[in-house]
Amino acid sequence: MKELTIHVVDLLINTEHTQDEEEKLSSSTRRMHLLGRPLKIVKPSIKSDKSYCVLLRGHPLCGKPLIACKFQDSGIPVLFCDEILYAIFKKDSNLQNQVHEKFFGEDSFSFEKLEKRDWLAQLVLNKVKCALRQIFEVYSEQGAHIILVTDSSLFEGYDLGIEVDEIWAAILYSEVNRAYSYLKSIEKST
């Protein structure tokens with residue numbers, strides 16, 4: 001085989017880096033700067049008679065309720081999928097029995113099994129979709145311009161049956177920072 005020609009490209013130093021960033025220019029630092037910025041700028045039409053829906057997604061314990069409360073404090077309606085799901089479970093004893101048999105019947109409780117998560121999501125998803133649509137329509141008729149919907153982690157990746165204008169992802173800064181520090185330590189050790 002023909003000998004490979006090697007071109008060495010020196011690293012560029014980022015003179016404006018912060019304490020949490022690498023000294024070199026890197027795509028990782030660039031991605032950190034993009035956190036919290038929309039991938040596509042959307043200009044909602046406030047004159048429209050249709051409400052503008054923002055779906056807030058994220059892993060459990062990532063601060064979605066805290067973000068949602070900030071919206072509620074400013075007068076924006078927030079629909080919590082977890083609360084809707086809880087209300088459905090509380091009212092439907094047949095559903096409670098089905099879930100109890102599936103999760104506590106044959107073996108010990110394990111929500112980690114993907115097939116059980118999918119089974120539960122499919123069992124209650126249509127009921128949650130229906131309730132979510134009804135509540136969304138009521139807020140729309142009342143003239144709410146923006147409605148925030150916080151997704152249940154159970155429904156992550158499933159269609160909620162409402163028209164969503166934007167999807168926001170909640171990320172714990174400490175988790176991002178911890179992951180970044182871990183990757184930096186690996187890079188230094190190699």
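1. Let's start with Leu132. Setting aside neighbours within four places in sequence, Leu132 is in contact with Leu79, Cys81, Ile84, Val149, Leu160 and Ile162. Contact here means heavy atoms within 4.5 Å. A word on the basis of these notes: this is a predicted model, where local features need pLDDT of at least 70 and side-chain atom pairs count only at pLDDT 80 or more, while totals for chains, interfaces and linings use all residues. Residues are numbered from 1 along each chain as its sequence is written, and side-chain values use heavy atoms, with hydrogens and water left out.

2. Leu132 also turns up in the largest nonpolar core, which has 27 residues; Leu132, Val149, Phe155 and Leu160 touch the most other members. A nonpolar core is a set of buried Ala, Val, Leu, Ile, Met, Phe, Trp, Tyr and Cys residues joined through side-chain atoms within 4.5 Å. At least two residues of this core come from each of strand 1 (52-57), helix 3, helix 4, helix 5 (114-141) and strand 3 (146-150). Helix 5 gives the most, with 8 residues. Another core, of 11 residues, lies apart from this one, and Leu56, Phe71, Ile76 and Leu148 are among its members.

3. Now the overall layout. The protein chain has 6 helices and 4 strands, in the order α-β-α-β-α-α-α-β-β-α along the sequence. These are DSSP runs numbered from the N terminus: helices are H or I with at least four residues, and strands are E with at least two. Of the 190 residues, 30% count as buried. Buried means under 20% relative accessible area, exposed means over 50%, and partly exposed is in between (1.4 Å probe, protein chains only). Among contacts with a separation of 6 or more, 72% are between residues 24 or more positions apart.

4. Have a look at helix 3 (residues 81-91) and helix 4 (residues 93-104), which pack at an angle of about 100° with their axes 5 Å apart. The axes are lines fitted to C-alpha atoms, for helices over the stretch in contact, and angles run from 0 to 180 degrees between N-to-C directions. The two helices are therefore roughly perpendicular to each other, a term that covers 65 to 115 degrees; under 35 is roughly parallel, over 145 roughly antiparallel and the rest oblique. Ile88, Phe89, Lys90 and Lys91 in helix 3 meet Ser93, Leu95, Gln96 and Val99 in helix 4. The residues of this contact divide into 4 nonpolar, 2 polar and 2 charged.

5. Leaving aside neighbours within four places in sequence, Gln98 is in contact with Trp119 and Leu123.

6. Asn14 sits in the segment before helix 1 (27-34) and counts as buried at 13% relative accessibility. A polar atom of the Asn14 side chain lies 3.1 Å from the backbone nitrogen of Glu16. Beyond neighbours within four places in sequence, Asn14 is in contact with Glu21, Glu22, Glu23, Lys24, Leu25 and Thr29.

7. Finally, Gly63 is in the loop between strand 1 and helix 2 (64-73). Gly63 counts as partly exposed at 24% relative accessibility. Gly63 and Ile171 are 108 residues apart in sequence and 7.8 Å apart in space, C-alpha to C-alpha.

Technical notes: Ala, Val, Leu, Ile, Met, Phe, Trp, Tyr, Cys and Pro count as nonpolar, Asp, Glu, Lys and Arg as charged, and the others, Gly among them, as polar. A polar contact is a pair of N or O atoms within 3.5 Å; within protein, one must be able to donate a hydrogen and the other to accept it, and residues adjacent in sequence count only if both atoms are side-chain atoms.
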